Structure formats: structure tokens, C-alpha cells
Amino acid sequence: MANYVFGVDVGGTSVKMGLFDTEGNVLEKWEIPTRTENNGEKILPDIAASVKEKMEQRQLAKEDVAGVGIGVPGPVEKSGIVHRAVNLGWAELNMKEELAALLDGMRVEGGNDANVAALGEMWKGGGQGHKNLVAVTLGTGVGGGIIINGEIMTGSTGAGGEIGHIHVEDDETEACGCGNFGCLEEYASATGITRLAKRALKASDKDSVLREGEVSAKTVFDAVKAGDELAIEIAKQFGDYLGKGLGVISGIINPEIFVIGGGVSKAGEILFDYIKPSFERTAFRGSQDVIFALATLGNDAGIYGAAKMLL
């Protein structure tokens with residue numbers, strides 16, 4: 001009987017890996033480098049080798065392991081086909097088939113890293129007890145994962161859940177990383193908040209602690225907590241954009257809960273003070289009864305979600 005499962009979260013610089021029991025307890029965590037040279041040809045073989053090594057260390061037979069779940073930064077179809085994972089150097093490949101072959105036929109399940117992390121938060125994180133949720137990751141960009149009835153919503157080509165690229169501003173002149181203009185990511189990510197702050201500092205002559213050093217999302221929300229007037233205006237802009245974006249999502253998905261994670265979420269529940277007014281003003285009335293919660297798994301959400309895909 002299979003009592004164990006591996007969860008794998010592939011990032012641009014390192015691969016996070018975890019061995020779990022089938023109750024969801026993490027027994028061991030480790031990392032290996034992500035070798036992206038030669039179009040990432042070593043990534044899957046390295047993962048397979050690390051899984052086999054761990055099985056040997058723990059004297060686990062193939063029959064003891066339910067399989068390996070894996071999340072990667074790119075669109076992933078249910079079949080396992082990855083359509084361009086730029087940070088890994090991958091073009092198109094069937095991740096599930098290739099990794100399963102390297103693992104001598106062991107079961108493999110895969111998905112987009114943000115979607116997989118959302119599954120982790122549903123299972124063992126800030127979304128526990130809810131089967132319909134949207135996880136929002138506010139980091140360098142804005143990532144998203146949508147869970148409906150306990151299942152990841154992948155979309156037709158695996159690109160579902162890219163909420164950071166909802167259009168929220170017509171008058172933007174700087175391009176988003178995706179090439180469009182006025183995406184949510186340009187205002188609600190850590191880099192987006194920094195952009196809003198720099199624009200506000202340039203446009204206003206108000207005194208602010210933000211004029212004293214390096215500007216970042218952290219310094220903005222530290223200043224908000226200290227009552228800095230200009231920082232509060234910036235937080236209101238951030239919250240207005242993100243609240244409207246989540247309002248759009250709620251009218252389509254009708255989730256029970258929004259789970260907010262990523263580096264910006266370290267500011268804490270004060271974020272909700274700025275997100276909720278815009279959300280409540282713009283969201284469809286029938287889908288406004290939504291819980292806002294902070295993610296709790298941090299960088300481990302991906303390995304938890306990857307493991308959950310097998311169970």
C-alpha cells in the first residue's frame with residue numbers, strides 16, 4: 001500500500017522538494033539547483049534522480065509511493081503538456097510523460113506553480129475548510145490560482161488563473177511584462193506598489209518618510225502603519241485596483257474565500273482595510289459574501305499542493 005508521496009515545486013533558481021505521508025504531513029524538505037542551461041534539459045532528470053536517492057535513503061519501494069506531483073512556472077494542460085516555461089528554458093514538452101519515464105513508470109501529476117500553490121493553501125493552509133477559493137500571490141508579479149469544487153481550474157491550454165493580467169487601467173503608458181498595458185500586476189505587485197509610490201512622490205510635495213530612503217512595498221506599508229499621509233494615499237490606490245480586480249473575479253468564480261499570499265502579504269491584515277472598500281463597491285452583490293484571509297504556507301505552498309494532486 002502506498003503511504004508516501006513526493007511534492008515538487010520548480011522555480012527558476014531552485015527546485016523545492018518534499019516527502020509527505022498520505023495524511024499531508026511533511027516528513028522531509030530539501031532543495032536542488034534548477035539547471036536551466038541547454039533549454040532546461042537536466043531539470044527533469046535531476047528531479048528523478050533526487051526522488052530515487054531519497055527513496056533509497058529511506059528504503060522505500062516503488063509500491064510505497066503514490067507518485068510525484070510537480071508544479072512549474074508556465075501553462076500546463078491536464079495531459080501534462082507544458083506550453084513554454086520561459087524561466088526554465090522549456091519550449092513544449094509533456095512533463096508528466098517524461099518524468100514518469102525517468103521514474104520507471106511511477107505516477108506523475110503536474111500543474112502550473114501558482115495553481116498548485118492554491119491547491120496547497122486549500123488543503124493545509126489559509127483556505128482549509130473551503131473547496132471554492134482564489135489564491136492571490138502578491139510578489140514580484142501577481143499570480144493566481146483558482147480552485148473550484150476542490151479541483152484546479154486550468155482552462156483549455158493550462159493558462160487559467162492568470163489574474164495578474166486582468167485589465168484595470170486604460171491610461172497606462174508603461175507596458176506590463178506580458179506586453180499589455182494597465183494590467184493588475186502593474187499596481188498590486190511589490191514592483192507595482194513601488195511604481196505607484198514613486199509616481200506619488202514625484203507628483204506631490206507632501207512630507208513623507210518615503211522620501212528618506214529606498215522605496216519598496218514594505219516601506220510603503222510600514223509607513224501606512226505609522227500614519228504617513230502620502231503612504232496611505234498610495235495604499236488606497238493599490239487597494240482600489242486590487243479590490244476591483246477581485247470584484248471581477250468574484251462575479252465570475254463566486255469563491256468562498258480569497259487567500260492572499262506572497263511577499264506583500266507580510267504587511268498583514270491591514271491590506272484588507274484597503275482592498276475591501278473597492279471590492280464591496282464594485283463586486284456583484286450576489287458574490288460579495290467572500291472571506292479574505294492570509295496565506296499560511298509561505299514558500300511551502302507549492303510542494304503541499306503538488307503532493308495533494310496525487311491524493
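First, a term. Helices (H or I, at least four residues) and strands (E, at least two) are DSSP runs, numbered from the N terminus. This is a predicted model, where local features need pLDDT of at least 70, side-chain atom pairs count only at pLDDT 80 or more, and totals for chains, interfaces and linings use all residues. Residues are numbered from 1 along each chain as its sequence is written, and side-chain values use heavy atoms, with hydrogens and water left out.

Next, confidence. pLDDT is the predictor's confidence in each residue, from 0 to 100. The chain averages 95. A score of at least 70 is reached by 100% of the residues. Among the elements, strand 5 has the lowest mean, 87. Strand 12, residues 291–294, has the highest, 98.

Now the pockets. On a 1 Å grid over the protein atoms alone, a cavity is a set of points where a 1.4 Å probe fits but cannot get out. A pocket is an open set with protein on both sides within 12 Å along at least five of seven lines. Lining residues have an atom within 4 Å of a point. Grid points are joined across faces, edges and corners, and a volume is the space filled by probe spheres set on the points.

How much space lies in the largest pocket? About 1,400 Å³. It is lined by 46 residues, and the closest to its centre are Pro73, Asp113, Ala114, Thr137 and Gly143. Several elements each supply at least two lining residues, including strand 1 (4–10), strand 5 (81–85) and helix 10 (301–308). Helix 4 gives the largest share, five residues. By class, this lining has 17 nonpolar, 21 polar and eight charged residues. Here Ala, Val, Leu, Ile, Met, Phe, Trp, Tyr, Cys and Pro count as nonpolar, Asp, Glu, Lys and Arg as charged, and the others, Gly among them, as polar.

The second largest pocket holds about 310 Å³. Of its 17 lining residues, Glu109, Leu119, Glu151, Ile152 and Met309 are the closest to its centre. Strand 7 (108–112), helix 4 and strand 10 (151–152) each give two or more residues. Which element gives the largest share of this lining? Strand 7, with four residues. The classes here are five nonpolar, six polar and six charged.

On to the rings. Rings of Phe, Tyr and Trp (its six-membered ring) pair if their centres lie within 6.5 Å; planes under 30 degrees apart count as stacked, over 60 as edge-to-face and the rest as tilted. The whole structure has nine aromatic pairs. One of them joins phenylalanine 6 and tryptophan 30, edge-to-face, at 6.3 Å centre to centre and 90° between the planes. Phenylalanine 6 is in strand 1, tryptophan 30 in strand 3 (residues 26–33), 24 residues apart.

Is phenylalanine 6 buried or exposed? Buried means under 20% relative accessible area, exposed over 50%, partly exposed in between (1.4 Å probe, protein chains only). Phenylalanine 6 has 1%, so it counts as buried. Tryptophan 30 has 14%, so it is buried too.

Another edge-to-face pair is phenylalanine 221 with phenylalanine 238, at 5.6 Å and 80°. Phenylalanine 221 is in helix 7 (residues 217–225) and phenylalanine 238 in helix 8 (residues 229–253). Both are buried. Finally, Phe258, Phe272, Phe279 and Phe292 form one aromatic cluster.
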